[in-house]
Amino acid sequence: MMKVDYMQNTNCAWFNEISREDVPLAGGKGANLGDMAQAGLPIPPGYVICPPAYRQMLECCGLDGQINEWMHKIDRNNFAHLQTIEREARRLVEEAPFAEDLRVQVLESYRALGDNVPVAVRSSATAEDCAGASFAGQQETFLNVVGEEGLLKAIKRCWSSLYTPQAMFYRAQHGFDSCTVSMGVVVQKLINSEKSGVIFTVDPVFRNHFQMIVEAVWGLGEGIVSGAITPDHYLVDRETYEIVSEFMPPKQIMIVKNGAAGIQQVAVPAERATQPVLTPDELRRLVDLGNKVERHFGNPQDIEWGIEAGEIYLLQSRPITSL
């Protein structure tokens, strides 16, 4: 109870202060990251801007009434209608000023990560990553955000992504009240991944709990998450590490940091285009981590990971909801 009381009076919380029980105060993504950090899993350092800060911003700026009116009138089957709401709602949120106390806490926390350190800024809605629905891809993520003003802008864009047509449609379709759903924002030190990918701790297609899927690409994980890059694909026996099947297409593009800020798409160097992304040792270590994360949460997980300088980092984890 002391922890909950504390968090209700702060705008930001570090991963080691939150757990899976804190979805209302950290959003689904943030709560899961905090839980993994507390379990000693390899999570890049970071913090969450708590969802109540977003609702307070709407109220202080007088935006809650207008946005709630739009949400009550949503016609989920009228895409042009959803686009109109998106345009107006996102503009209002992104033009709204930060309250001074929130701005101070956000920037003090950012400075504690390092001097203008590159970060990933990820949406963490209070309805996402729950056992009954997957909000993967519904809200936005910004990679290689550098500097205080860039961070504040990315936070507002994460907040406003609650009102993309796909997010509003999905919530309406699954019975989530858009007037009460809120948005936390994860600010996490960016891992400059040479390799990245996803783990499905259970084969979600054949629902085989004895086999795990590992997918990998060169560079940052945005290419695989967005579907822009076809990854190396391994189906692995999760106990014996035997590779049941594998598919390694030629790699033509990868996503990397774009200088001072942002990301860019570049060609894969010729010598790596036909090479497997993962070494046998890296694949084995990823299977081990997948098993650990599933045991920790007690149910099958969809995990994003990255490898920098030989170290594996877990970037997020959510339940597999399609089983």
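Apart from its neighbours within four places in sequence, Ile67 is in contact with Leu58, Val93 and Tyr163, contact meaning heavy atoms within 4.5 Å. The model is predicted, and local features need pLDDT of at least 70, side-chain atom pairs count only at pLDDT 80 or more, while totals for chains, interfaces and linings use all residues. Residues are numbered from 1 along each chain as its sequence is written, and side-chain values use heavy atoms, with hydrogens and water left out.

Ile67 belongs to helix 4 (residues 64-72); helices (H or I, at least four residues) and strands (E, at least two) are DSSP runs numbered from the N terminus. With a relative accessible area of 1%, Ile67 is buried, a term for values under 20%, with exposed over 50% and partly exposed in between (1.4 Å probe, protein chains only). Ile67 and Ile253 are separated by 186 residues in sequence and, C-alpha to C-alpha, by 40 Å in space.

An open sheet is formed by 6 strands in the order 9-8-7-6-12-13, with antiparallel pairing; two strands pair if DSSP finds at least two bridges between them. Strands 9 (243-247) and 13 (311-319) are at the edges with a single partner strand each, so one side of each has no neighbour in the sheet. On average, neighbouring strands of this sheet are turned by 15° against each other, direction ignored. Helix 10 (residues 280-297) packs on the sheet, touching strand 6 (195-200), strand 7, strand 8, strand 9, strand 12 (301-308) and strand 13, and its direction makes about 40° with that of strand 13. Axes are lines fitted to C-alpha atoms, for helices over the stretch in contact, and angles run from 0 to 180 degrees between N-to-C directions.

Strand 7 (residues 211-218) and strand 8 (residues 232-237) pair over 6 antiparallel bridges, and Ile213 stands opposite Leu235 in strand 8. Gln211 also lies in strand 7.

| Residue | Relative accessibility |
|---|---|
| Ile67 | 1% |
| Gln211 | 16% |

A nonpolar core is a set of buried Ala, Val, Leu, Ile, Met, Phe, Trp, Tyr and Cys residues joined through side-chain atoms within 4.5 Å. In the largest, of 44 residues, Ile49, Val106, Val121, Leu151, Trp159 and Tyr163 touch the most other members. Helix 7 (residues 148-160) gives the most to this core, 6 residues. Apart from it lies another core of 34 residues, including Leu278 and Phe297.
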